[in-house]
Every structure is written in C-alpha cells, then in structure tokens.
Amino acid sequence: MAKKRPQTTATRPQLSDAEIPVVGAREPCPCGSGRRYKACHGRAAAHAATELVHRPFEGLAGEGDWVALRELVPAATVELTLKDGLPEGVPSVTLATVLPMAWPALRRDDGTVLLGLQNDTASGDISRDLADTLQRALAAEPGTPVQARRAPADSPRLQDLLDPKGPFEPVVHDGFEFWVQDAENATPDVTASLERANAAAIPTVKLTGVDSAYWCETPEKNHLRWVMPYPEEQLLDALARLHAAGRSSLGEGTRLVGSFRAHGLTVPVWDLPSGVGAEDVEKPAAEFAERLATALASEAPLTADERRARGGLTNRQVTLS
C-alpha cells in the first residue's frame with residue numbers, strides 16, 4: 001500500500017482578538033483557525049452584541065427621565081451637554097424621542113445634531129448604541145441623517161460622552177414640529193407627515209413638583225406614570241404598605257393599578273378620572289412622595305394584608321424592556 005503523504009500545516013497569521021475584523025458569519029475566520037467566523041471569534045462578538053445591559057442609563061443625569069422618554073413620552077426634546085464640549089461647527093446636540101423616518105440621528109443643515117431615542121438598537125446596550133450614533137452624527141456632513149449599525153463592542157457609551165453634571169431638562173411638546181426648523185413654511189409632504197405623527201401622539205405633561213412623573217390623557221381615562229429610582233423589591237414593599245393602608249391613591253377617584261418595569265427601573269401607574277389634569281395631581285403627587293419615603297424607610301416585615309397587596313401589584317406588573 002502507498003504510504004500516506006504527510007500533511008503540511010500552513011503558517012497562520014498571529015492576530016490578537018482586538019485585531020480580528022468582522023466578516024460574514026459563514027466566511028473563514030480571519031484569525032486563521034480554519035473554522036467559520038460564527039464558530040470562532042464571531043461567537044464572542046455575537047455574545048457582546050446581544051448581552052443585555054439591565055440599566056443602560058444608570059449614571060446619567062436624569063436616569064428616570066431617560067427611561068420615560070425612551071418608553072412613555074411621545075414627543076419631547078432635551079439639550080445634551082458633552083463632556084469635551086461641542087465640536088467646531090456643531091451649535092448644539094438635542095436628544096429627541098422620535099425623528100422623521102425613524103432616523104437614529106440627523107445632522108441638520110445648520111450643523112445642529114438631533115439624536116433619536118425611541119429606535120431599535122442592534123445590541124443589548126442601548127447606551128453604547130446611542131453613543132456610537134451620536135459620534136457618527138457629530139462627524140456627519142450637514143443635512144444628512146445617520147443610519148443604524150451595530151456599535152463596536154469596545155466603543156464608548158453615553159456615560160463616556162455626556163457631562164454627568166450637565167442639566168437634563170426634558171421639554172414635552174404637543175406635537176413633532178421640532179422635526180423641522182420652519183414648520184410654517186414646510187413642504188406639503190412634510191406638513192402631512194407632521195399631521196399624521198401629531199394625530200397619533202397621546203397628550204402628555206411632565207409634573208414639576210416630583211421627578212420623572214408624567215401625566216397623559218387617553219380617551220377613556222387619564223394616567224400618571226412615574227419612573228422611580230429605587231430598588232424594585234424595596235419599592236414594591238413600600239407600595240404594598242401604602243396600598244394595604246389605603247394610602248396609595250392620588251386623591252378621590254384615583255387608583256394605583258400596577259407598574260411597568262423598564263430598563264432596570266419600576267414605573268408605578270395610577271388611573272385618574274378623565275377630568276383630572278396634570279395640575280390637579282401636582283400636590284397629591286408631592287404628598288405621596290412623602291408617604292413613600294416613610295414606607296421605604298420601614299424595615300418591618302410585611303403583614304398578611306401587605307403581602308396580599310404586594311402580590312396584587314406584582315401580578316399587574318408589565319415589563320417594557
């Protein structure tokens with residue numbers, strides 16, 4: 001029998017993990033292993049892209065408002081302050097709940113930047129995706145939108161780009177006229193687009209007396225949705241104490257009906273009669289905040305009634321993200 005010919009091994013390029021480029025999932029991995037990218041270095045890249053960051057806005061000024069603007073508020077803007085100041089040719093950077101055509105960001109003709117918040121993101125870290133979009137918008141040509149992409153796993157996050165001491169003061173709008181700089185002289189197509197967007201927006205008002213609380217109006221009843229920064233288990237215990245004692249409402253005809261869970265924070269929700277406006281719940285909300293602070297400080301075990309109240313609140317909790 002013929003002898004088997006000895007196999008020779010080609011010299012493989014010696015690349016560090018940081019030097020491995022991204023290629024198609026079924027292509028050979030550039031590291032030279034001979035395996036497909038998805039089964040080699042692509043595995044770690046995919047994990048990095050999908051690993052969920054539980055509280056993506058933690059450490060930013062106004063974390064509760066970031067969550068509210070991402071999940072609850074139709075039309076709002078916030079002026080952002082960058083750590084290193086504005087680049088030359090960029091007069092301002094504005095966070096917006098939604099942009100036209102669902103663009104991730106837009107560099108206007110005058111150089112100003114609009115960053116959209118309510119967009120699908122390619123990874124599990126909204127903060128990293130938004131920071132990548134912001135950086136590309138700052139460098140984009142004036143008059144161009146920025147398209148979505150997967151942010152590199154080692155790229156900066158919003159916490160790296162924004163001034164942690166800068167103000168974060170949302171301005172809630174009745175509609176989306178902030179999309180264009182001269183809405184009165186907009187083209188018919190733009191005007192029609194604005195009218196459609198405005199018709200779908202739920203009237204919303206930010207309370208002034210407490211943080212991250214938003215009143216909204218719906219056809220059947222109004223609601224107050226209040227993003228709270230406390231640990232979830234501690235907050236649910238405190239709400240249960242107040243609910244069992246009959247002290248969880250915001251006045252006659254109002255009712256704590258449950259909560260949302262969004263980006264690591266809990267958002268209690270109250271039903272309000274249709275005639276109750278935002279100004280009507282300012283004082284009751286401030287008084288509730290005082291009662292809640294006392295309940296949060298309690299370390300006593302929950303009573304049987306409080307445990308039942310907690311169970312009811314937990315059963316009516318909806319996860320948004």
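I started at Thr 266, which touches Trp 226, Val 227, Met 228, Glu 232, Leu 235, Ser 259, Phe 260 and Gln 317, with residues up to four places away in sequence not counted. Contact here means heavy atoms within 4.5 Å. The model is predicted, so I kept to its limits: local features need pLDDT of at least 70, side-chain atom pairs count only at pLDDT 80 or more, and totals for chains, interfaces and linings use all residues. Numbering runs from 1 along each chain as its sequence is written, and side-chain values use heavy atoms, with hydrogens and water left out.

Thr 266 itself: I find it in strand S11. Its relative accessibility is 1%, so it counts as buried; the cut-offs are under 20% relative accessible area for buried, over 50% for exposed, and partly exposed in between (1.4 Å probe, protein chains only). Helices (H or I, at least four residues) and strands (E, at least two) are DSSP runs, numbered from the N terminus.

Next, H6. I read 13 residues and a reach of 18 Å from first C-alpha to last, close to the 18 Å expected at 1.5 Å a residue. The expected span is 1.5 Å times one less than the number of residues. Its buried residues are Leu 235, Leu 236, Ala 238, Leu 239, Ala 240, Arg 241 and Leu 242. They pack against strand S10 (255-262), S11, H7, H8 and strand S12 (317-319). After H6 comes Gly 246, with a positive phi near 75°.

H6 against H8: the axes of H6 (residues 232-244) and H8 (residues 304-315) come within 8 Å and cross at roughly 120°. That makes H6 oblique to H8. On the H6 side I list Glu 233, Leu 236, Asp 237, Leu 239, Ala 240, Arg 241, His 243 and Ala 244, and on the H8 side Asp 305, Glu 306, Ala 309, Arg 310, Leu 313 and Thr 314. Axes are lines fitted to C-alpha atoms, for helices over the stretch in contact, and angles run from 0 to 180 degrees between N-to-C directions. Angles under 35 degrees count as roughly parallel, over 145 as roughly antiparallel, 65 to 115 as roughly perpendicular and the rest as oblique.

H6 against H7: here the axes come within 9 Å and cross at roughly 115°. That makes H6 roughly perpendicular to H7. Gln 234, Leu 235, Ala 238, Leu 239, Arg 241 and Leu 242 of H6 meet Phe 288, Arg 291, Leu 292, Ala 295 and Leu 296 of H7.

H7 (residues 282-297) has 16 residues and reaches 23 Å between its first and last C-alpha, close to the expected 22 Å. I noted Glu 282, Pro 284, Ala 285, Phe 288, Arg 291, Leu 292, Ala 295 and Leu 296 as buried. Their cover includes strand S9 (222-226), H6 and S11.

I then turned to H3 (residues 126-139). Its 14 residues should span 20 Å at 1.5 Å a residue, and its end C-alpha atoms are 20 Å apart, which agrees. Of the 14 residues, 11 are buried, so H3 is largely enclosed by the rest of the structure. The buried residues pack against elements including helix H2 (63-71), strand S2 (93-96) and helix H4 (158-161).

Last entry, Asp 65 in helix H2. At 7% relative accessibility, Asp 65 counts as buried. Leaving aside neighbours within four places in sequence, I find Asp 65 in contact with Phe 168, Pro 170, Lys 206, Ser 212 and Tyr 214.
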